[in-house]
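Please open the model in a viewer and keep a selection tool at hand. The stops below are arranged so that each selection leads to the next.

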Amino acid sequence: MDNCIFCKIAKGEAPSYKIYEDDKTYAFLDISKDCYGHTLVVPKKHCENVLDCDEETLSCVIKTVKKIVNHYVKNCGFKGVNIINASGEEAQQTVFHLHFHILPRMSKDEYDAFPSLCGTIAPFEQQQELLKLELN
């Protein structure tokens, strides 16, 4: 896609601070600098989000995420990670190229990566009826 910033970054047409690259994926530091090591992992092939991504591409992205988080914990001194994805405008996706955020975590790093949610009064049975997925 010609005007996609993440496509440009993955092709080397826009600057980035590369963390990892293979033939299918590219990982780089997020320019927001909101926390130390905030990393984005994207497929080189353009897809908008998890909902339209083919399984092979998504699998490659997830394998890269796992490789990076293992490296961060085993070799870089981090104690854990948050992995975040937003798929769709209603989920607050702002760049419409599939990407996963990796937020490396340290003990007592004092930021909260989970949103404060208001809760729901819907009974679990009602939620289950809507959400359950039958094996095909």
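**Stop 1: the second largest pocket**

The second largest pocket holds about 170 Å³ of space. A pocket here is found on a 1 Å grid over the protein atoms alone, as an open set of points where a 1.4 Å probe fits, with protein on both sides within 12 Å along at least five of seven lines; lining residues have an atom within 4 Å of a point. Grid points are joined across faces, edges and corners, and a volume is the space filled by probe spheres set on the points.

This is a predicted model, in which local features need pLDDT of at least 70 and side-chain atom pairs count only at pLDDT 80 or more, whereas totals for chains, interfaces and linings use all residues. Residues are numbered from 1 along each chain as its sequence is written, and side-chain values use heavy atoms, with hydrogens and water left out.

Select Tyr17, Leu29, Asp30, Ile31, Lys33, Cys35, Tyr36, Gly37 and His38 to display the lining of the second largest pocket. By class, this lining has five nonpolar, two polar and two charged residues. In this scheme Ala, Val, Leu, Ile, Met, Phe, Trp, Tyr, Cys and Pro count as nonpolar, Asp, Glu, Lys and Arg as charged, and the others, Gly among them, as polar.

**Stop 2: the largest pocket**

Which residues lie nearest the centre of the largest pocket? Select Asp30, His38, Leu40, His99 and His101, which hold that place among the 28 lining residues. Helix 1 (5–10), strand 2 (25–29) and strand 5 (100–105) are the elements that give two or more residues to this lining. The largest share, three residues, comes from helix 1. The volume of the largest pocket is about 570 Å³, and its lining has 17 nonpolar, nine polar and two charged residues.

**Stop 3: the whole chain**

Zoom out to view the protein in cartoon form. Its secondary structure comes to three helices and five strands; helices (H or I, at least four residues) and strands (E, at least two) are DSSP runs, numbered from the N terminus. Along the sequence they follow the pattern α-β-β-β-α-β-β-α. Taken along the principal axes, the C-alpha atoms fill a box of roughly 50 × 40 × 25 Å. Of the 136 residues, 32% are buried, where buried means under 20% relative accessible area, exposed over 50%, and partly exposed in between (1.4 Å probe, protein chains only).

**Stop 4: aromatic pairs**

The whole structure contains four aromatic pairs. Rings of Phe, Tyr and Trp (its six-membered ring) pair if their centres lie within 6.5 Å; planes under 30 degrees apart count as stacked, over 60 as edge-to-face and the rest as tilted.

Select phenylalanine 6 and phenylalanine 28, an edge-to-face pair at 5.5 Å centre to centre with 75° between the planes. The pair links distant parts of the chain, with phenylalanine 6 in helix 1 and phenylalanine 28 in strand 2, 22 residues apart. Phenylalanine 6 is buried at a relative accessible area of 6%, and phenylalanine 28 is buried at 3%.

Next, select tyrosine 36 and phenylalanine 78, a tilted pair with 6.2 Å between centres and 35° between the planes. Tyrosine 36 lies in the loop between strand 2 and strand 3 and phenylalanine 78 in the loop between helix 2 and strand 4 (80–84), so the pair ties together parts 42 residues apart in sequence.

**Stop 5**

Select glutamine 93 in the loop between strand 4 and strand 5. Glutamine 93 is buried, with a relative accessible area of 4%. Its side chain reaches the backbone nitrogen of glycine 88 at 2.7 Å, and a polar atom of that side chain lies 3.0 Å from the backbone oxygen of valine 95.

Not counting residues up to four places away in sequence, glutamine 93 touches Glu48, Asn49, Ala86, Ser87 and Gly88; contact means heavy atoms within 4.5 Å.

Move on to asparagine 49, in the loop between strand 3 (39–43) and helix 2 (55–75). Asparagine 49 counts as buried at 4% relative accessibility. Leaving aside its neighbours within four places in sequence, asparagine 49 is in contact with Ser87, Gly88, Gln93 and Leu98.

Note on methods
A polar contact is a pair of N or O atoms within 3.5 Å; within protein, one must be able to donate a hydrogen and the other to accept it, and residues adjacent in sequence count only if both atoms are side-chain atoms.
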